[in-house]
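Hi,

Here is the structure I said I'd pass on. Have a look at it first, and my notes follow below.

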Amino acid sequence: MTDWPTHDNSTKPPLGRRLKGAMSRLPGMMTCREFEDFIDAYLDGTLPICPRMRFRAHLIMCRECRSYIAAYKRTLELGKSAFDDPDAAVTGLVPDELMNAILASRTEPKP
Amino acid sequence: MEAHAGTLRDDDDLVSALKAEDAGAFAEMVREYGPRMLAAIRRIVRDEALAQDCLQDAFLNVFRGIGTFDQRARLSSWLHRVAVNAALMRLRKLGRLKEASIDDLMPEFDGNDCRIEPTWRFEGSPESRLDAIKLKQQVRDNIDRLPESYRVVLLLRDIEELSTAEVAEALEITETNVKVRLHRARSALKKLLEPMWGHDD
């Protein structure tokens, strides 16, 4: 799996992100890392009201998380549609030999 | 041709006939539901010979289990789950469901727990049918790059649309573990799809 993208965390965060990091720790806010843990619950509508409000507040102030969640949602759409194939019934055809083997197996003695 | 051939009798009648060990009903079930079960199995095991073995396993389990099938449940959902379970059983026997590292594909944060993320610009809808097919293939190829234990959770939840509880049961892991794996799988897939998009910074 050497062809996977690698991370480079060697550079110091720019001032804007450092300020945001400090703001995220104020009461009623959440950090990007905490935000990460709530994404699926937020998207499927099961996040309770309190964390949901903190989640939304974070979304308003954080450009990176807005960009992230847009790409995450895009990924979900692409993933879900990757298999919706109008020809699925054809590609799922059961070959005759297999069909016969399956039907024959029904009457074979059970182990 | 018999009266019901081609046009399906409804599920209740079919299940009653199956429980009565009616050979015609079994053939009808395999013909009607086999293709969709095989398609689901193929998505999971990605190997034609193995997929066909799994379908045989699945129908053996159906033949054995139809007597106890609860008629209030939907036959198609039950058959789908039996097919998925047969595929998972084979993967487990082959040792392909072991946990693998996926850390390189996880989101990035700096030392302040702030996210490092460019602003993405997504491609528009594919212009032609061919482009749409290519795009789907590209996404499927990337799903295939995920380690098996994550790929399977993503498939079962997002594609096969099993519930968290059903996936937990099928994979013999906790529901919390399913949620964690699903989120990591989706995040990893996002990372793998990123080269398809432009970004501003």
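The largest nonpolar core in this predicted model has 54 residues. Those with the most contacts inside the core are B:Met37, B:Ile41, B:Leu55, B:Ala58, B:Ala83, B:Val84 and B:Ala87. H2(B) supplies the largest share, with 12 residues. As a bit of background, nonpolar side chains tend to be buried together in soluble globular proteins.

H2(B) turns up again where the chains meet. There, 48 residues of chain B are in contact with 48 residues of chain A. On the chain B side, the elements giving two or more residues are H2, H3, H5, H6 and H8, and H2(B) gives the most, with 9 residues. What is that side made of? It divides into 25 nonpolar, 7 polar and 16 charged residues.

The axes of H6(B) (residues 148-159) and H8(B) (residues 175-193) come within 8 Å and cross at roughly 100 degrees. Angles of 65 to 115 degrees count as roughly perpendicular, so that is the label for H6(B) and H8(B). H6(B) brings B:Ser149, B:Tyr150, B:Arg151, B:Val153, B:Leu154 and B:Arg157 to the contact. From H8(B) come B:Val178, B:Arg181, B:Leu182, B:Arg184, B:Ala185, B:Arg186, B:Ala188 and B:Leu189. By type, the residues of this contact are 8 nonpolar, 1 polar and 5 charged.

On to chain A. With 6 helices and 0 strands, its pattern along the sequence reads α-α-α-α-α-α. Chain A has 111 residues, and 22% of them count as buried. If you take its contacts between residues at least 6 apart in sequence, 48% join residues at least 24 apart.

Finally, confidence. The model scores ipTM 0.85 and pTM 0.84. Chain B averages a pLDDT of 90, and 95% of the residues score at least 70. Where does the pLDDT of chain B fall below 50? Over residues 1-7, a stretch with 1 contact in the model beyond near neighbours in sequence.

Cheers

Definitions and conventions:
Residues numbered from 1 in each chain as written. Chains lettered and ligands numbered in written order. Predicted model: local features only at pLDDT ≥ 70, side-chain atom pairs only at ≥ 80, totals over all residues. Axes fitted to C-alpha atoms, helices over the stretch in contact; angles between N-to-C directions. Helix = DSSP H or I, 4+ residues; strand = E, 2+ residues; numbered from the N terminus. Parallel < 35°, antiparallel > 145°, perpendicular 65-115°, else oblique. Contact = placed C-beta atoms within 7 Å. Nonpolar A, V, L, I, M, F, W, Y, C, P; charged D, E, K, R; others polar. pLDDT = per-residue confidence, 0-100. Core = buried A, V, L, I, M, F, W, Y, C linked by C-beta atoms within 7 Å. Buried ≥ 20, exposed ≤ 12 C-beta atoms within 10 Å, placed from the backbone.
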